[in-house]
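This briefing sets out selected local features of a single model.

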Amino acid sequence: MDTMFHGITPFLPLLASLTLVIVILAGLHFFLLAKPVHLTQQQKLPRQLSMLVLTLIGLVVIAMSLPVSESTRNQVIALIGVLASGVIAFSSTTMVGNLMAGLVLRVNKPFKVGDFIRVEQFSGRVAEMGLLDTEIQTDTRELVALSNTFMVNTPITVTRGSGAVISVDLSLGYELHHSFVEKHLLTAAANAGLDEAFVQVTSLGDFSVSYRVAGLLTDVKSMLSARSRLHKAVLDSLHHAGIEIVSPSFMNQRVQPVGSTMIPQMSTPDKGAVDDQESSPEAIVYDKAEQAAEQEKSKAQLQEQIAECDAQLAMAEGENKKRLKEKKMALERQLEGVMTTAPPS
């Protein structure tokens, strides 16, 4: 019996430190990550990094309690440091670089989920912001994952949530006075539902004058539909005014009678036909980005309501306090449901 006890005694510090490290890490994980279900990914990130650092410290503590000689113990600790340094060194150009870039994007917040952005030749709505990459959904419904280092090192164009300027460029002949053209282009912008419309003469070419009609679109989620509406409105407005949308360099091999114009006839819509101006391609094109944006909005609203409940609970008493606790639990369940709902892939 004494021999067995003496054999176990050298391992008691190791067992004690191993048990202590496991209990502490499990408790910290529960209180920092598992229990607060209403935390966002941005709020969880520093806690996850803290858990990683604490885990490394725990490994060092366990290594220091090994029943070996001091030189061997030092070698084990050095091995842990070398392994950690090696992982960081080998992945510094990829994973760690993207991770650091992800942290930069979360601190600077140049855009958020649901925003329209353009990065070099890529443009679309932000569908997801990960630790290593950012996913955008293009106007062809494709999902493009861009590394966070690319996002940090490349200029990003972000459409403002307060509104975007929608424009159409076209060229007309010099025989048309610019004031006459401007009047009908402004009418087209108004018919397309744009605010604060304006017309610019962008260039004076050898054969034609280039115009740009633009206006402010307050509902940025409908940019695809708004561009289509503006193009249609320009066609209708100029054609109704008897203006051909062709420059003097236009060439048609068909023989045209003198005085003929290149204006299509307005067709009569069929009964029961759906007005194509009311169609909304955004619901199909940006489905994942739209759902992700709605999730972020719902999470922010629920978190704000939970914070208000916490503030009221600090001063509540009796039945009011019980009611507030039940309300908070219901909000936390809703928040957990929102966070576990995955957007379409």
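Arg47 belongs to helix 3, which spans residues 41-64. The model described here is predicted.

**Arg47**
- Between Arg47 and Leu28, the C-alpha to C-alpha distance is 9.5 Å, and the two residues are 19 residues apart in sequence.

**Helix 7 and helix 8**
- Two packed helices are described by the angle between their axes and the distance between the axes.
- For helix 7 (residues 178-191) and helix 8 (residues 223-240), the axes come within 8 Å and cross at roughly 140°.
- Helix 7 is therefore oblique to helix 8, since only angles over 145 degrees count as roughly antiparallel.
- The crossing of helix 7 past helix 8 is right-handed.
- On the helix 7 side, the contact is formed by His184, Leu185, Thr187, Ala188, Ala189 and Asn191; on the helix 8 side, Leu230, Ala233, Val234, Ser237 and Leu238 take part.
- The residues of this contact comprise 7 nonpolar and 4 polar, with no charged residue.

**Gly124**
- Gly124 is located in strand 2, which covers residues 122-129.
- With a relative accessible area of 5%, Gly124 is buried, because the buried class comprises values under 20%.
- Gly124 and Gly114 are 10 residues apart along the chain, and their C-alpha atoms are separated by 9.3 Å.

Key:
Residues are numbered from 1 along each chain as its sequence is written. This is a predicted model: local features need pLDDT of at least 70, side-chain atom pairs count only at pLDDT 80 or more; totals for chains, interfaces and linings use all residues. Side-chain values use heavy atoms; hydrogens and water are left out. Helices (H or I, at least four residues) and strands (E, at least two) are DSSP runs, numbered from the N terminus. Axes are lines fitted to C-alpha atoms, for helices over the stretch in contact, and angles run from 0 to 180 degrees between N-to-C directions. Angles under 35 degrees count as roughly parallel, over 145 as roughly antiparallel, 65 to 115 as roughly perpendicular and the rest as oblique. A crossing is left-handed if the near helix is turned anticlockwise from the far one by less than a right angle, and right-handed if clockwise. Contact means heavy atoms within 4.5 Å. Ala, Val, Leu, Ile, Met, Phe, Trp, Tyr, Cys and Pro count as nonpolar, Asp, Glu, Lys and Arg as charged, and the others, Gly among them, as polar. Buried means under 20% relative accessible area, exposed over 50%, partly exposed in between (1.4 Å probe, protein chains only).
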